[in-house]
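My entries follow the structure below.

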Amino acid sequence: MNKTYNTNEFEANRQLEIINELKSRYDEEYQRTKVKKTFHIVTFGCQMNSRDSEKISGILKQIGYIETDTEDADFVLYNTCTVRENANNRVFGRLGHVGKLKKNRPGMLVAVCGCMMQETTAVERVKKSYPFVDIIFGTHNIFKLAELIKTRIDNESVSDKHSDRMVIDLWKDTDMIVENLPNDRKYPFKAGVNIIYGCNNFCSYCIVPYVRGRERSRNPEDILEEIRALANDGVKEVMLLGQNVNSYGKNLNPQISFAQLLKEVEKIDKIKRIRFMTSHPKDLSQELIDVMGASKKICRHLHLPLQSGSTRLLKIMNRKYTKEDYLDLVDRIRKAVPDISLTTDIIVGFPGETEEDFMETIDVVKKVGFDNAFTFLYSKRAGTPAANMECQVDENVAKERFDRLLDEIHASAAKAAGRDVNSVKDVLVEEVNSQNEDLLTGRLSNNMLVHFPGDKSLIGEIIPVYLEESKGFYYIGKQA
Ligand code: 5AD
Ligand code: SF4
């Protein structure tokens, strides 16, 4: 494959120089104090944010910071989400708390970044109510973190007033992808890999396209190189990440489809499992279904956000599929991949939702029989078309529907849960069980959790486990 996309090597090299400069400064300081500086990242939101936090962590570790598990640290970062109003409120709550910590910790740095910082009103609130914050940046310029830290430290001599020293760097959008900066991973045996950034769909309720910008696919060679390096480093499972992975490659020249990319990833020997997230139903191609059906490595799990079962509402939501399209898609997927586990996202109380619309959603839930679902009360996001729509649904009506939907989802999940009892399935062992040290916890290809007795040396291995009993959201098993 030819290298065609504009990845910015010049910018990467510039940032690496700044990282090294800070590292020398921090090394010198360590020689004097014999104390390493600590950092802590609080991550809100989705897998994309978790992945971004790994990149932040990679840069900080390279500079010489060590990670700690509380906010009582030399550098605390809040990587924010703004998809619903309550995500914003949680961030402001935490900022209030860290402000108090900072008073007793001279030299402590606090940064706020991520989706919420792409919104002017949220940034204004941070500036006004939390003036002790040192650095604000957004979703497009994480790669500049070292430069921002350096500017903040150099600002120390600029003014006595804290708010004058605050460093704010926010970009509205970007077409830049900066590769090959330091990186970190939470697990040694599984890793998330970004394949496409941003979203072009503008679902009428959703703020994501405004805060994450337009779709930008990574060059396939860069992705495959990253995955090969991960595989050589012991990674067995990769999760390909994007707001809408199914539009991967559309803006690349030559074009490449998501299904074609998957086929390339499959060829990497040491990668045993491939997951991806998230799929938009309108873009999920038959080609992808066929590739999944034929694959031994692509996991038997698909997260396929429905949002609503009402064709009328789906149109107003700008989802570009009907209830029938969705059901037909599910049929075709199940035909090709009979053991697939399906999960979804559903919004309740979208403006104008009637009881009839809601019952259409319940109908789809019953017909599909989801393995699980994330259910959300509609949250008004300023700047999105739905925020200005008339007929906002009464809060109590929405809550009542939400509870009914949850009952339906629980029933559907319970039905799906015990499906694999009395069979032997491969499990990727992830960790020692947090509640019982004699048990290990791992995942099936369909993403279901399994607890079973075993030695922790098995962590990171894929092993056959006999599934004895279903406990709803997990199985109890024993090594086969
Ligand atoms: N209100 C409620 N839920 C929302 N989501 C996105 N925007 C909103 C909103 N304004 C949900 C969608 C999406 C998931 C990540 O968050 O279901 O799939
Ligand atoms: Fe939001 Fe729709 Fe894009 Fe998903 S596809 S991120 S719901 S605009």
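The model is predicted, so local features need pLDDT of at least 70 and side-chain atom pairs pLDDT 80 or more, while totals for chains, interfaces and linings use all residues. Residues are numbered from 1 along each chain as its sequence is written, chains are lettered from A and ligands numbered from 1 in the order written, and side-chain values use heavy atoms, without hydrogens and water.

I then found an oxygen atom of ligand 1 at 2.6 Å from an N or O atom in the side chain of glutamine 307. A polar backbone atom of tyrosine 205 is 3.0 Å from a nitrogen atom of the ligand. Taken alone, ligand 1 exposes 400 Å², of which the protein buries 86% (Shrake-Rupley method, 1.4 Å probe).

I listed the residues around ligand 1 (a heavy atom within 4 Å); among them are Val83, Asp345, Phe376 and Arg381. Strand 13 (341–348) and strand 14 (372–377) each supply at least two residues of this shell; strands are DSSP runs of E, at least two residues long, and helices runs of H or I, at least four, numbered from the N terminus.

I also noted that the shell has six nonpolar, two polar and three charged residues, with Asp, Glu, Lys and Arg counted as charged, Ala, Val, Leu, Ile, Met, Phe, Trp, Tyr, Cys and Pro as nonpolar, and the others as polar.

Terms used
A polar contact is a pair of N or O atoms within 3.5 Å; within protein, one must be able to donate a hydrogen and the other to accept it, and residues adjacent in sequence count only if both atoms are side-chain atoms.
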